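Colleague: I have a structure to read and would like to go through it one feature at a time. Where should we begin?

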Amino acid sequence: MSFKQAHPLTRVEGASEVIVKIHKRKVQELELNLPVLRKFETLLRGKRAHIIPSLVTKVCGVCPFSHQIAASIALEKALNVEAPPLASSVRRLILSLEHIRSHSYNLFLMGLQDATRLLGMDEKLLDYRLLRSGLNVIRFADRLLSLIAGGPISPGISTVGGLLNMPIVGSSINDLEREVKKVLEDMNWALNISKNLSKSKYYEMFNLERTPALITSFGRDMDPINGTLKVYEGTSWRELEVLEELKDLLTRDILTGPLARQTLISLHYSLEEGLPIYNLLNLYMLRILEIINALSYSMNLLRTLKDLEGLYRKTPQKKSGFGRCFVEAPRGTLIYECEVEEEVVKSIKIITPTELNLSFLKAFSRNIVERALEKGLPVKEAVENLKTAIRVFDPCISCATHITVVNED
Amino acid sequence: MGLKASKIGFLQFIGCSGCLTSVIDSSVFRELWNRGYVAFFPMIKDGGDVDDCDVLLIEGSALKEDEKLLKKVRAKARRVISIGSCACFGGISSNVKELELKPIHSIIKVDLELPGCPPPENLISMLLYALIGGREFKHKTVNVCSECPFHPCRAKYPIIIREIFPKRKTEQCLLEEGILCLGPITRAGCEAKCIVQGGSCYGCMGTLKDNSLTSLIDFLALLTIPKELKYDVIDILNLYGKREYVF
């Protein structure tokens, strides 16, 4: 007898349980459950502050260093120490490489496989090319992360006060520069696929009927690590003075990540209406642009780092205090807050981009099924559209199961 | 092991996806994919069936509720391999008491365990090559110290532990400096990456000897741990969920 996981929600990191209840072609219920939260905060309470950055890499295997850098900076604020400029540059470089790696997973190995269905492309050919290109780009980022941070997932070098170790770039940069051209070819190919998504018969179903509020900590100088938290609600960017304001926003539709970052940049460069993103599928294009930007940024920074020497770590001045930090992780703004007493963590709070996006993801998911059913699509296709939409959001769900459809028709 | 595997499945339970992304990052993965060895990999592939697998690699620890699914999967797959410290020991989240996360071998029979957080890329490649070639995968029989650039340790016994994490860069054995390092009782294979980068070894690769408690007692006998660091040291010993260490 054959065994199959019931309607698995495939091609996401971890997985979630989505229950869609449809009655007489109307969505009765759509639940997105995260069955097991790994409760990392509980684990970190009571630990020595200096050990925290090495532990938080275990929160996520796709963006471990975003967590490490965010924890390091929050603790630095609590202990009144500022990382030397050299350490901050290395952190920016690591984050930028992590953007390449994480976005490549989402694009090549998870999301863009949907082009088979959306564009009627040859499944085998597309899968083959996606994997080939994806692995090219991912391996490029991996090699650089191994050089700078000791590996693509761990151990990382960011710590309280700066870096544990100063990476030696040396002559390896010449080999890497040769590889960039190949990586850009792969990105160009992916860009063409993502552009073609607008020709899909399903494209309009992914239109954004209302623009969600956008959240980012990206600075105007595109600094991913020293920003303040900002919200855009259709008119202008407003800084959130206190984090409590975020609680109110969490009950509404908000979106963090590439769209928020690129809107901020485009408005800064006086594009009147920001980026013309009215369709969720265009998020793939934004991720591709972010990869290309990150490639150029990383290579420039590497060339500078090659000749730099100097202080890369400072000693904290205090043993107790409160610190908060916003870091632009690949999926959006990552928030860390911590309270330290005599070098021991009394409390710590982590708000991930997926948590910020969750309310809008749920609302949009329901909407996408409803639209498909209204257009007369079979339930199966409506559910496929739902899965596609979830992948476009690029959720990082650390725990797992399946998508279950209860169809009462 | 013995039998050649022509279909390999990959499944994730409660983990961070780091072990499975390490599999994808490994040098052998593209070849496995292109030659049709990958039967089942929900993280990046639709469809597939556990029935098709000669070997099933599992990432992540499991809850009691997962028992039914794990048993079903075990009955279908000819061999099961746990990859990563969560699947092998329960992992870092198994320290969260209310979750009760368990290693896979405590629920179903596991044929081989490859620990690490995540397991090193070269070991993953060696394992996958061994599986498709029908060869036995052999664990290293030496400790992390054998791969450490600061070996040998010239510390005088007993070693007084002053810190559990290096606060400054060191160019000598961490234990020599009074910094806790589990390298001596941890299986090699990681090239002492954490130490090379300025951190310390917390034993994600698992213990060297079969009897981990004996090796732990031997190791602890060499150390003097001040009262104020006692609980920190216990935390580190249990970090990846080596339950047998709890005393």
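Modeller: Begin with what counts as a contact: two residues are in contact if their C-beta atoms, placed from the backbone, lie within 7 Å. Keep in mind that this is a predicted model.

Colleague: Which residues of α6(A) meet α7(A)?

Modeller: From α6(A) they are S133(A), N136(A), V137(A), F140(A), L144(A) and L147(A). On the α7(A) side, the partners are S172(A), L176(A), E179(A), K182(A), V183(A), D186(A), W189(A) and A190(A). Sorted by class, the residues of this contact are eight nonpolar, three polar and three charged.

Colleague: At what angle do α6(A) and α7(A) pack?

Modeller: The angle between α6(A) and helix α7 (residues 172-196) of chain A is about 150°, and the axes lie 9 Å apart. Angles over 145 degrees count as roughly antiparallel. Therefore α6(A) is roughly antiparallel to α7(A). The crossing of the two helices is left-handed.

Colleague: Now the interface. How many residues of chain A are in contact with chain B?

Modeller: The size of an interface is often given as the accessible area lost when the parts come together. Here we count residues: 41 of chain A are in contact with 42 of chain B. On the chain A side, α1 (40-44), α4 (85-110) and α6 (123-149) each supply at least two residues. The most comes from α6(A), with four residues. By class, that side of chain A has 20 nonpolar, twelve polar and nine charged residues.

Colleague: Where in chain A is confidence lowest, and where is it highest?

Modeller: As a general rule, where pLDDT is low, the predicted coordinates should not be read in detail. For chain A the mean pLDDT is 86, with 90% of residues at 70 or more. Confidence is lowest in strand β12 (residues 403-407) of chain A, at a mean of 41, and highest in helix α3 (residues 64-78) of chain A, at 97. Residues 1-7 of chain A have pLDDT below 50, and that stretch makes 14 contacts in the model beyond near neighbours in sequence. Over residues 399-409 of chain A the pLDDT also stays under 50, and the model has 42 contacts for them beyond four places in sequence.

Colleague: And chain B: what is its radius of gyration, and how does that compare with a compact globule?

Modeller: A compact globule of 247 residues would have a radius of gyration near 18 Å, and chain B, at 19 Å, agrees with that. Its C-alpha trace spans about 55 × 35 × 30 Å along the principal axes. Chain B has eight helices and seven strands.

Definitions and conventions: Residues are numbered from 1 along each chain as its sequence is written. Chains are lettered from A and ligands numbered from 1 in the order in which they are written. This is a predicted model: local features need pLDDT of at least 70, side-chain atom pairs count only at pLDDT 80 or more; totals for chains, interfaces and linings use all residues. Ala, Val, Leu, Ile, Met, Phe, Trp, Tyr, Cys and Pro count as nonpolar, Asp, Glu, Lys and Arg as charged, and the others, Gly among them, as polar. pLDDT is the predictor's confidence in each residue, from 0 to 100. Axes are lines fitted to C-alpha atoms, for helices over the stretch in contact, and angles run from 0 to 180 degrees between N-to-C directions. Angles under 35 degrees count as roughly parallel, over 145 as roughly antiparallel, 65 to 115 as roughly perpendicular and the rest as oblique. A crossing is left-handed if the near helix is turned anticlockwise from the far one by less than a right angle, and right-handed if clockwise. The radius of gyration is taken over C-alpha atoms; the globule rule is 2.2 Å times the number of residues to the power 0.38.
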